[in-house]
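User: Can you walk me through this one? I'd like to start with the core, then look at pockets.
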Amino acid sequence: MTNTTVYRDVRTNPVSVPDPSVPTSPNISPRDAREYRRVLSRLGTWEPVQWDAVYDDLDMVLGDEVSHHAAGPSEGSPQPEYDNPEGLAERFRPALMQLVNRGLRDDAHRKHRDIAALIEQAQGLIPEELPTDAWQAVVLLRKLARTTLDLAERLQETGAVTGLVEC
């Protein structure tokens with residue numbers, strides 16, 4: 001019987017030439033460095049969402065609709081006036097961003113079409129500036145509030161978030 005084992009001489013294997021398109025230096029480009037600085041500066045000013053305050057704001061803005069505290073819709077009401085509409089919008093935006101990020105992170109948008117629609121709606125509302133017209137400002141605040149509440153409730157139902165909705 002003959003021996004068919006093949007032996008390779010590792011000293012004669014060709015060495016691959018480095019690909020010039022692959023960076024070999026661990027240096028960060030100036031554009032990436034600016035992005036890292038931007039993210040770090042935002043982290044430095046980041047504050048956790050105060051969900052109790054958000055739900056109080058939801059009750060104020062959606063007081064005539066069913067919310068997590070309300071017993072049911074009330075009959076028509078005049079245009080509400082809010083002491084600080086800018087503050088309301090600025091509390092809803094981070095709450096919505098946190099909910100959107102949680103839904104995306106947990107792939108809830110892939111599993112549930114309604115959550116995907118709410119995330120898409122939220123992503124469109126978050127960057128909107130509060131209009132100077134009082135009626136338009138109320139409309140935007142109600143959209144922010146309704147989307148925040150609906151997304152929080154749906155993510156709670158699916159188990160993507162816990163402990164946000166009190167009842």
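User: Which residues have the most contacts inside the largest nonpolar core?
Analyst: This is a predicted model, to begin with. Its largest nonpolar core has 36 residues. Those with the most contacts inside it are W51, L58, V61, F92, L151 and L155.
User: And which helices supply at least two residues of this core?
Analyst: Helix 2 (51–61), helix 3, helix 5 (113–125) and helix 6 (134–158) each do. Helix 6 gives the most, with 10 residues.
User: Let's zoom in on L155. What is L155 in contact with, leaving aside neighbours within four places in sequence?
Analyst: With those neighbours set aside, L155 is in contact with L99, G103, A108, I115, A160 and V161.
User: OK, L99. Where is that?
Analyst: In helix 3, which covers residues 85–105.
User: Is L99 buried or exposed, and why?
Analyst: L99 is buried, because its relative accessible area is 1% and buried means under 20%.
User: What is in contact with L99 beyond its neighbours within four places in sequence?
Analyst: W51, T148, L151, A152, L155 and L164. W51, L151 and L155 are also among the residues with the most contacts inside the core.
User: How far apart are the C-alpha atoms of L99 and A160?
Analyst: They are separated by 9.3 Å. Along the chain, L99 and A160 are 61 residues apart.
User: Switching to pockets. What volume does the largest pocket have?
Analyst: About 410 Å³.
User: Which residues line the largest pocket?
Analyst: The lining consists of V39, R42, L43, W46, E47, V49, P94, M97, Q98 and N101. Helix 1 (30–45) and helix 3 are the elements that give two or more residues to it. Helix 3 gives the most, with 4 residues.
User: How do the lining residues divide by type?
Analyst: Into 6 nonpolar, 2 polar and 2 charged.
User: Now the whole chain. How many helices and strands are there?
Analyst: The protein chain has 6 helices and 0 strands. Read along the sequence, the pattern is α-α-α-α-α-α.
User: What share of the chain is buried?
Analyst: Of the 167 residues, 29% count as buried. The chain exposes about 12,000 Å². Carbon and sulfur atoms supply 53% of that area.
User: Last one. Among contacts between residues at least 6 apart in sequence, what share joins residues at least 24 apart?
Analyst: In the protein chain, that share is 69%.

Note on methods
Residues are numbered from 1 along each chain as its sequence is written. This is a predicted model: local features need pLDDT of at least 70, side-chain atom pairs count only at pLDDT 80 or more; totals for chains, interfaces and linings use all residues. Side-chain values use heavy atoms; hydrogens and water are left out. Buried means under 20% relative accessible area, exposed over 50%, partly exposed in between (1.4 Å probe, protein chains only). Contact means heavy atoms within 4.5 Å. Accessible areas come from the Shrake-Rupley method with a 1.4 Å probe; for residues, only the protein chains shown count as cover. On a 1 Å grid over the protein atoms alone, a cavity is a set of points where a 1.4 Å probe fits but cannot get out, and a pocket is an open set with protein on both sides within 12 Å along at least five of seven lines; lining residues have an atom within 4 Å of a point. Grid points are joined across faces, edges and corners, and a volume is the space filled by probe spheres set on the points. Ala, Val, Leu, Ile, Met, Phe, Trp, Tyr, Cys and Pro count as nonpolar, Asp, Glu, Lys and Arg as charged, and the others, Gly among them, as polar. A nonpolar core is a set of buried Ala, Val, Leu, Ile, Met, Phe, Trp, Tyr and Cys residues joined through side-chain atoms within 4.5 Å.
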